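Please work through the exercises below with the sequence and the structure at hand, trying each task before reading its solution.

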Amino acid sequence: MVKLHEMVRVLRSKNAGPFQLTYDLIFDGIESYERAVRSGIFNARDMAARLKRSETEVTVDLYPVGNAIKITVPRIHSSGSVGDTDVFGCQQHAPLMEIEVP
Amino acid sequence: MPDYIGADMGSTDIGPYYLGKGEIDGHRQIVFRDLEMVLLAGRRLDVPVLVGTAGSAGGKPHVDKTLDVLFEIAQKHRLSFRLAIIHAEVDKSYLTAKLAEGRVSPCGPVPALTQGSIDKATRLVGQMGVEPFVAALEGGADVVVAGRACDAAIFSAVPIMRGYDIGLAMHMAKIIECSSLCAEPGGRDAIMAFLSKDHFILESMNPERHSTPASVAAHSLYEQPRADGFSEPGGKVDISEVRYESEGNHRTKVSGSKWIPSLPYSIKIEGVEHVGYRYISMGAMRCPIAVREIRTILMRVQEIVDELLEGSVDPADYHLQFRPYGIHGAMGDGEVACDPRPIEIMVMTDVVASSPQIAQSVCSVARYNLLHYFYDGILATGGNLAMPFAPSDIFAGDVFEFTVYHLVEVDDPLELFKIDFVNVEEGVRCGETT
């Protein structure tokens, strides 16, 4: 098992417009990327559980030419609205860091 | 030498406030400094300067404030140029008509547009594609100041006008709109892109920021919901088969981006609504017993405040929330860490109300009750918050929300974006035409 944060050069969250939040997992090379993909854990159901979201809200895209995985969810509160905690959406990535990749 | 200089001046990333309030996110002096460098360079090299999403949000007041700075710079340096101003504010009647025609759809996970949202919107802007920039340049503009614009449109207009591949031009534009953020280490310095027939090369102007295949690929995913590409008015840029190759240590070559046109041609409309006024107050809890009891304390104080205000303030007129920084300030209910026990917690009392007066009253009542709440096991009966200063209730301005984020089908990519031309001679405005 390796923790996700030990396999990536970038692990970030960010707004994709004011109504969506997107997580970019940029792996440190093709080996790490392929290991992550092979593990099968980067799917909508598992990521939804990790992010406390429902499976239907989550998309998981592979980007092999960039050794990257992208996860996108709708924001609970739109950017800057009354209950929002993170206008730029840039500090929401922590729940993904400790994912154990077989 | 560059063929043009572009500057993306805004975004929705900064939240709904600036669009609603008509303000620039940043100080005028800083805008002056940046715009002066860009404008002087453009005139010295005699290449077009394109500024998009002027004044942070691209509405009329934002464009006007940007022009005010621009004319001051022109005057200071006695510059001569032909200026195009592209307006992006949208009339409510236009959107109402489009809604009635059934030509409006949500952009992403957004509720369907209602007439009520249009009526209540403080300001609406349309996000222009490349066509208005091209029209401005064809009208002889040396300098373009555009309202709300797609980031990629600013930087792809000149190459598309000259017949370069649209997919490559758009992909290049999408990356360089963030300046050197695509480099390693990322930063805000200027970047140069070299576009050819079948590829483009990226080079940060700061020799310490290196564009690498990994950093450029990573940036290609930035702020986009999907990994296979991104949508622009009139189509989509497919980046799923792109090649990122290093050109030495400092530069990266990109090829294989494809433009996939799609109809109907749509423009995204953004709009915000004024939802209230905010007061905040901040204080730190250091007592380990209070820290342990934080969830109960905040829940109970919230109830006490609501009970106290009952009868004097309508509950519909305020929204009170405590934000416990150190527990789940950054993530709110989305926090996954179980029962964190920090040394101290910064509690922000956050009140949004229908008037500044109500916000201030509720904030002070909440702060006092939090300060003097007697929780189970309390030892420190002098107060629960270390407040760093007094007065401790701070007016935090108007609060807006994005309520319109919808695509509108248009017949003509230019129909929303009126262009004015102004000749500036030796810093003085001369002829104006539309």
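**Exercise 1. State which residue ranges form the domains of chain B, and how many Å separate the centres of domain 1 and domain 2.**

Solution. In this predicted model, the domain assignment of chain B gives a domain 1 made of two segments, 5-269 and 404-433, and a domain 2 that covers 287-385. Taken over C-alpha atoms, the centres of domain 1 and domain 2 of chain B are 42 Å apart.

**Exercise 2. Determine which strands of chain B pair with β14(B), and in what sense.**

Solution. Finally, β16(B) runs antiparallel to β14(B) and is joined to it by nine bridges, Tyr277(B) having Ala353(B) as its bridge partner.

**Exercise 3. Decide which residues of helix α11(B) are buried and which are exposed, and explain why the buried ones lie on the same side.**

Solution. First, check the helix itself: α11(B) has 16 residues, 294-309, and reaches 22 Å from its first C-alpha to its last, close to the 22 Å expected at 1.5 Å a residue. Its buried residues include Ile294(B), Ile297(B), Leu298(B), Val301(B) and Val305(B). These cover an arc of only 90° around the axis, which puts them on the same side of α11(B). As a general rule, an α-helix has 3.6 residues a turn, so residues three or four places apart point the same way. The face turned away from the buried side carries the exposed residues Arg295(B), Thr296(B), Met299(B), Glu303(B) and Glu307(B). Just after the helix, Gly311(B) takes a positive phi of about 95°.

**Exercise 4. Describe the side of chain A that touches chain B, by element and by residue class.**

Solution. Start from the contacts, in which 36 residues of chain A meet 38 residues of chain B. At least two residues of this side of chain A come from each of β2 (8-15), β3 (20-27), β4 (59-63) and β5 (68-74) of chain A. Sorted by class, the residues of the side of chain A that touches chain B are 15 nonpolar, 14 polar and seven charged.

Technical notes:
Residues numbered from 1 in each chain as written. Chains lettered and ligands numbered in written order. Predicted model: local features only at pLDDT ≥ 70, side-chain atom pairs only at ≥ 80, totals over all residues. Contact = placed C-beta atoms within 7 Å. Helix = DSSP H or I, 4+ residues; strand = E, 2+ residues; numbered from the N terminus. Nonpolar A, V, L, I, M, F, W, Y, C, P; charged D, E, K, R; others polar. Expected span 1.5 Å × (residues − 1). Buried ≥ 20, exposed ≤ 12 C-beta atoms within 10 Å, placed from the backbone. Arc of directions from axis to C-beta. Domains from an automatic or database assignment. Pairing = 2+ DSSP bridges.
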